[in-house]
Every structure is written in structure tokens, then in C-alpha cells.
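Visitor: I would like to learn how to read salt bridges in a model. Could we take them one at a time?

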Amino acid sequence: MCHTVIIAEAGVNHNGNFELAKKLILAAKEAGADYVKFQTGKPELVISRFAAMADYQKKSIGKTESQLDMVRKILLRFDDFPLLAGYCSEVGIKFLSTPFDLPSIDLLDTLKMDFWKIPSGEVTNYPYLKKIAQTKKNVIMSTGMCEMDEIQTAIHILTSNGLSKTQIQLLHCNTEYPTPMTDVNLLAMKEMRKQFGLPVGYSDHTQGIEISIAAVAMGAGVIEKHFTLDKKMEGPDHKASLEPAELKAMITAIRNIELALGTGHKTVSMSESKNKTIARKSIVAAQAIKKGEVFTEDNLAVKRPGNGISPMRWEEVIGMQAVRDFEEDELIEL
């Protein structure tokens with residue numbers, strides 16, 4: 001059975017509050033996620049003072065300010081991340097954080113994360129990709145806002161600077177928050193697998209849980225989903241995030257889908273084998289038949305149960321003689 005890696009994206013939904021970040025870690029653990037992920041960066045190195053907020057950010061926080069001012073309020077301090085990684089180890093969930101600048105890569109590289117999670121916005125950031133690749137650590141890369149040639153170029157940069165293709169996974173993604181259903185395009189996962197020869201998962205920014213579940217049914221090996229403690233909190237990502245109960249429901253559904261996908265080999269299952277004789281049919285006497293009488297289409301019928309002669313032998317039985325008397329509905333014997 002496959003195991004979908006589920007990344008619970010806390011992101012910046014702690015609003016810069018360390019204690020709230022710890023509560024998010026605990027909520028992700030209780031929901032059954034494999035990883036809880038944050039975002040690490042020095043705002044002045046990530047965003048220029050002239051950068052505007054995205055429309056969804058303006059709507060979410062209900063006011064307009066510079067993107068830099070907004071992010072300054074909601075990022076954790078560098079010193080917080082070793083402590084959060086330690087807390088993850090304490091409660092039993094794996095720690096991740098996405099770096100958004102080069103010093104953040106250096107910091108997070110000391111925390112022994114299992115892999116790098118590259119966000120969609122860094123797919124065209126050459127210095128960033130080069131530094132990530134030079135760590136020789138596995139990469140999962142989101143591909144929101146990307147054309148296929150941009151993804152190919154990013155893969156080339158990674159593989160030219162220290163990674164093998166076997167160390168790279170892609171996540172199909174759309175970076176509108178929330179993503180309209182008409183823009184999800186889950187079938188793009190198939191195209192990406194075919195063109196790049198890499199495993200493809202899904203980073204989900206839709207509202208609700210059904211698209212992540214559908215992505216798993218389509219073969220996604222990784223699911224990333226934003227979550228929050230309360231969608232009504234102030235901040236850019238809360239409204240497009242799941243609350244803990246929803247996250248738990250999504251993970252439960254995904255684990256059920258994993259079981260349901262099975263082996264791909266069509267055969268009789270253990271649970272249904274006992275029903276074969278109940279649901280299938282046999283050749284029976286349609287009326288009383290005397291010994292020596294010839295079987296015809298008029299004096300034979302096909303009825304349940306299925307523990308007698310299979311109706312697939314119908315043509316063989318027609319024209320034979322009864323070896324004994326049969327009552328109506330009795331199973332025919334030869």
C-alpha cells in the first residue's frame with residue numbers, strides 16, 4: 001500500500017507568535033499529518049519596499065499596506081526555528097520550513113530536515129536554486145504560476161549543481177488563494193509525470209478537502225495543504241486554510257483512499273469471496289423433471305444460489321438426460 005506524504009502547511013498562520021506556532025504543530029500532529037511546515041525568511045531580503053500586496057492578501061486582511069510591512073508582522077524570528085524543530089521532535093511530527101532567501105537556507109540546513117520544500121515563487125530564482133542544489137538534499141518543488149519550460153529549466157539548474165533527478169519531486173499547484181475549481185487542472189499532474197519523468201504530488205490552495213483527496217486517487221504521492229487554528233483570524237492565508245477538524249477529515253479520507261486503491265490487479269477479494277455462491281446462479285429445474293427426461297430450455301432455468309452447475313455450461317446441458325428425478329428449483333446434477 002502506498003503512503004501519501006501529508007504536509008500540513010502552517011506557513012505564516014501563527015501571525016508571528018511563537019506560542020501559536022507551537023499550537024499549530026500540536027494540531028497537525030493530532031490530525032495525523034506527516035510534516036508540519038513553516039516559512040523562514042528575512043523580510044528585507046525577500047521583498048522590496050516597492051512590492052504591492054496580492055489581491056487575495058488585501059481581501060484577507062481588509063486593508064492595504066506594502067507587502068514588506070505585512071510580512072514583517074507575521075514572520076517568526078530565526079531563533080524560533082531551532083526551538084520549533086525541537087518541539088516537533090518532542091511531540092512526534094516531522095519539522096519543515098520553506099526558506100525564502102539564502103541566509104534562511106543556511107539556517108534551515110543546520111536543522112537536518114528530510115528535504116527542501118521549494119515554493120512556487122522561487123522556481124525562477126537562479127541563485128536560490130543553485131544554493132539549494134549544492135546542499136545535496138532532496139527537493140520537493142511547487143510549480144504554481146509555471147509554464148512547462150520554466151519547470152524544465154529549474155530542474156536543469158538543480159541537476160547541474162549537485163542533485164540527481166531521483167532526488168526531485170514536483171508538486172502541481174495553483175497560487176491563487178483560494179484557487180477556483182476551474183483553475184485546479186488536476187490532469188496537469190499526468191502531463192508533468194510524462195514530460196519530466198518525476199513523481200508529482202499536489203499543493204492544494206482550494207477551499208475544502210475534496211481536491212486533495214482526488215489528487216491522491218490520481219497518484220499524488222505528496223499532498224500539501226494550508227491549515228489554521230481559526231479561519232477568522234487576521235492574516236493573509238487563514239481564509240484559504242483548513243481548520244484542525246477539516247485537516248483531520250482530509251487526512252482520514254486520504255488514508256482510506258490509499259487502502260481503496262489496492263494493488264491494481266483484478267481478482268476476487270477476501271471480503272467478497274463468501275458472496276459468490278449467494279449472488280451467482282446455477283442451472284435448476286424450472287419444473288418437475290423425471291429421470292431420463294431430456295433437458296430443454298423449457299424445463300431448465302437459471303437461479304440462485306451459485307453452488308451448482310454454472311449457467312456458462314447451458315449449451316452443454318441442453319439435450320442431456322436427467323440422471324434422476326428433480327423437483328422444481330432443485331439444482332441440476334449430471
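Guide: Let us start with aspartate 114, which counts as partly exposed at 39% relative accessibility, where buried means under 20% relative accessible area, exposed over 50%, and partly exposed in between (1.4 Å probe, protein chains only). The model is predicted, so that local features need pLDDT of at least 70 and side-chain atom pairs count only at pLDDT 80 or more, while totals for chains, interfaces and linings use all residues. Residues are numbered from 1 along each chain as its sequence is written, and side-chain values use heavy atoms, with hydrogens and water left out.

Visitor: Which side chain meets that of aspartate 114 in a salt bridge?

Guide: Side chains of opposite charge can pair when their charged atoms come close. A salt bridge is a side-chain nitrogen of Lys or Arg within 4 Å of a carboxyl oxygen of Asp or Glu. Here the partner of aspartate 114 is lysine 94, at 3.4 Å from N to O. Lysine 94 is itself partly exposed, with a relative accessible area of 46%.

Visitor: How many salt bridges does a search of the whole structure find?

Guide: The search finds 18, among them the pair of arginine 324 and glutamate 333, at 3.3 Å from N to O.
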